[in-house]
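Please look at the sequence and the structure together as I go through them.

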Amino acid sequence: MKTLELAAQNTQNSNVTQWVEEMAILCKPDHIFWCNGSDMEKEELTCEAVDKGVLIQLNQQKLPGCYYHRSNPNDVARVEQCTFICTQTREEAGPTNNWAAPEEMYRKLYGLCEGSMQGRTMYVIPYLMGPIGSPMTKVGIELTDSIYVVLNMRIMTRMGNVAYEQLGDSKDFNRGLHTMLDVNPDRRYIAHFPQDNTIISVGSAYGGNVLLGKKCLALRIGSFLGRKEQWMAEHMLIMGVESPVGEKTYVAAAFPSACGKTNFSMLIPPKQFQGWKIWTVGDDIAWMKPGPDGRLYAINPEAGYFGVAPGTNMTSNPNAMKTIQRDTIYTNVALTPDLDVWWEGKDGPVPPKLTDWKGNPWTPDSKEKAAHPNSRFTAPMHNNPALAKEVDDPQGVPISAIIFGGRRASTIPLIYQTFNWIHGVYVGATMGSEMTAAAAGTIGQVRRDPMAMLPFCGYNMGDYFTHWLKMRKHIKYPPKIFSVNWFRKDDRGHFLWPGFTENMRVLKWIVDRCHGRCAAQETPLGWVPKAEDFDMEGLEDHLSKLNEAQEIDLEEWKREVISQDELFIKLYPDLPRELIFQRELLIARL
Ligand code: GTP
Ligand code: SPV
Ligand code: MN
């Protein structure tokens, strides 16, 4: 075996250096590369990635600083069946997570990692989840043999020496080990050890499976730590809503994967809403903690967007289109002959000739999609013209409203407000959504996805609900909780609500309700807007569709309550009684 140069660079923290050394002895890389986060390092690694064929340089006139990556076709989304929560007992992980005993999983994965980096380089990536200097920020270190992961982590997190500075000589950092192996789905594991603040990911090189700061640390480990430390880690966007008189209201919203968070967080109001402005704080993850003034404060732990490409265009999301014009990594989209990118739903005519996401020639008569439905862009948040200036504020922003929303063709109205926090928790807990391409599985089927956290809760979902209920005691001025559904359809299968920019109308009502500026009408589900308080100026043609989108069909709702029971029965031993009472109250109102 080659002798490995182990000398640490950039840090003298022996907790870090010893662990890196242990992992290097296990994985046996030829080299260790200590990332510092500098621009020079980025250039060096990018050149190397291009040389090795990991990245393709895109047309630099059209897309300066942009690169393209194709993943293995067997590795294009998160894989929930390979994702494990390895708590001491099965009960702690709960019935909605895959569980394995920590010792057994360590043994298996260390076995797979043995010598796995021979002939490769191990990159040491120090990173922060959260603004520099925030008391809510967490330090992570990811070891990986994928240069693509390094370059993505560099966009998605505050990466480099800044993390060692925040860490000091502490041992409180997340230990993440990632090795691609041969990218074989049969040897793919994304394992979390919440009690050790450790993550091991093997056999994948895609997205949420391998960018360990994102779903693994910020949500699965984060939710576990949040329960212990009295805060909340949620799959939520965060946005600032500025009114024409400069009043700012901050809103967080949980929608399942590929259900509209990135789009909503970058919304540009329609022309009737002159003077209104949306500022993006985050598009995927919120860490929230009660502040000294009794309000709930949120930070976005990320520094970039790993967004869905298909459907993104100058009409649906102009801010995203501007964000991804430079310094962006595209994964699994299609390529034009002049090395521009393309996907289904991009602006302009369909190009006559493309190379599809698998690298095959593609024409408009091809049966398959040119871009994978879960193809993505990785772009720095600082490219976003609507970026909120508070994103780097260590305190975060005070949240006035929390919105829950799924993808539901029927039953769920466009908008209603829950009666109070407990009722809001019930509505979040019983959320359903049709499955999307963001995870491997059956697309279109409705499944319960509580708070959009089903794939991301790092402990027992019943205890997670209890944590939500308990948090109320620590928040003197709790956010108001709302339910939305952009995806209700008419009987011909067309969306009833135009969505995107027009969602501003729903948002304005939510903001008005937060400030006590309008009354509302009570229904069995909650409060809905009175016609005179819901601004439809310029959208008068849609009034009858709006009414249809707001309809509450009692028969559908009785079926809905019965279908919610499936999850409640599964969670029964740990389900807080408050939620069972909420169910009874809803049935009584229906
Ligand atoms: P993740 O990154 O997987 O967490 O997804 P996300 O929640 O950020 O979803 P995103 O904003 O990327 O939207 C996913 C899909 O939903 C896109 O194809 C959009 O076109 C579609 N979408 C977003 N907003 C709306 C809307 O208001 N109405 C309709 N009909 N579709 C929408
Ligand atoms: C999601 O699936 O919710 C995502 C993409 O945001 S991934 O990073 O792959 O989890
Ligand atoms: Mn997401």
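Which protein donors does the manganese ion (ligand 3) have? Please keep in mind that this is a predicted model. The donors from the protein are Lys 215 through NZ, His 235 through NE2 and Asp 284 through OD, and they lie 2.1 to 2.4 Å from the ion. Along the chain, the donors of this manganese ion follow the spacing K-x19-H-x48-D. His 235 and Asp 284 link distant parts of the chain, being 49 residues apart. His 235 sits in the loop between strand S12 (232-234) and strand S13 (236-242), while Asp 284 belongs to the loop between strand S15 (277-282) and strand S16 (286-290). Are these two residues buried or exposed? Both His 235 and Asp 284 are buried.

In soluble globular proteins, nonpolar side chains tend to be buried together. Here the largest nonpolar core holds 115 residues, of which Met 288, Tyr 330, Ile 402 and Trp 468 touch the most other members. Helix H5 (residues 147-156) gives the most to this core, namely eight residues. Leaving aside residues up to four places away in sequence, Met 288 has several contacts, among them Trp 231, Leu 296 and Ile 402.

Finally, a sheet. Five strands form an open sheet in the order S2-S3-S19-S24-S18, with mixed pairing. Its edge strands, S2 (56-57) and S18 (304-308), each pair on one side only. S2 and S3 (residues 67-69) are antiparallel, paired over two bridges, and Gln 57 has Tyr 67 in S3 as its bridge partner.

Conventions
Residues are numbered from 1 along each chain as its sequence is written. Chains are lettered from A and ligands numbered from 1 in the order in which they are written. This is a predicted model: local features need pLDDT of at least 70, side-chain atom pairs count only at pLDDT 80 or more; totals for chains, interfaces and linings use all residues. Side-chain values use heavy atoms; hydrogens and water are left out. Two strands pair if DSSP finds at least two bridges between them. Helices (H or I, at least four residues) and strands (E, at least two) are DSSP runs, numbered from the N terminus. A nonpolar core is a set of buried Ala, Val, Leu, Ile, Met, Phe, Trp, Tyr and Cys residues joined through side-chain atoms within 4.5 Å. Buried means under 20% relative accessible area, exposed over 50%, partly exposed in between (1.4 Å probe, protein chains only). Contact means heavy atoms within 4.5 Å. Donors are N, O and S atoms within 2.8 Å of the metal (3.2 Å for Na, K and Ca); water is not among the atoms, so sites may look incomplete.
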